Amino acid sequence: MKAHVSSILLGVKDMERSKRFYTEGLGWKIAQDYGVSVFFAPDGGSPVGFYGRDGLAEQVGASPEGSGFSGLVLTYVVRSEGRIDEVMAEAEKAGATILKPAGPLPWGGYGGSFADPDGYIWSLGYSAQGENQPYAE
């Protein structure tokens, strides 16, 4: 198996709320909306989409119940500290829960984190030290 993710699917409780958060709040564009799942235009990266939480859990043979930290963090790397602040503000305005406000990071970078309405954690980061970062933008 290669170190590659073909797509990222998030199990969500309320499809319409999630669509509003990612499209109206964060400006994502929907590529396909199948009703039971939604995929966004990947913009050069792995496609991200979501599926009803119960249906996705059933599809993979897991329980839809869960609480606390899942052990999964989605990382979004940008090219400036200012962009971190902008994205954090966009997310908060859209209804995200700010988990860690933007600021200096222990390893020398700058970043922050938020949770979407279903609790999925997004970690935003910037580092002036890395040249070959996996930039999202």
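Guide: The chain exposes about 8,500 Å², an accessible area from the Shrake-Rupley method with a 1.4 Å probe, where only the protein chains shown count as cover for residues. Carbon and sulfur atoms supply 51% of that area. This is a predicted model, where local features need pLDDT of at least 70, side-chain atom pairs count only at pLDDT 80 or more, and totals for chains, interfaces and linings use all residues. Residues are numbered from 1 along each chain as its sequence is written, and side-chain values use heavy atoms, with hydrogens and water left out.

Of the 137 residues, 34% count as buried. Buried means under 20% relative accessible area, exposed over 50%, and partly exposed in between, with a 1.4 Å probe and protein chains only. The chain has 3 helices and 8 strands. These are DSSP runs, numbered from the N terminus: helices are H or I with at least four residues, strands are E with at least two. The order is β-α-β-β-β-α-β-α-β-β-β from the N terminus on.

Now the close look: Tyr 110. Tyr 110 lies in strand β7, residues 110-115. Its relative accessibility is 11%, so Tyr 110 counts as buried. The side chain of Tyr 110 makes a polar contact with the side chain of Asp 85, at 2.7 Å. A polar contact is a pair of N or O atoms within 3.5 Å; within protein, one must be able to donate a hydrogen and the other to accept it, and residues adjacent in sequence count only if both atoms are side-chain atoms.

Leaving out residues up to four places away in sequence, Tyr 110 touches a set of residues that includes Glu 81, Ile 84 and Asp 85. Ala 102, Gly 103, Pro 104 and Leu 105 are also among them, as are Leu 124, Gly 125 and Tyr 126. Contact here means heavy atoms within 4.5 Å. Val 5 is 105 residues away along the chain, and its C-alpha atom is separated from that of Tyr 110 by 26 Å.

Ser 18 lies in helix α1, residues 15-25. Ser 18 counts as buried because its relative accessibility is 2%. Its side chain makes a polar contact with the side chain of Asp 118, at 3.1 Å. Beyond four places in sequence, Ser 18 touches Val 12, Phe 50 and Asp 118.
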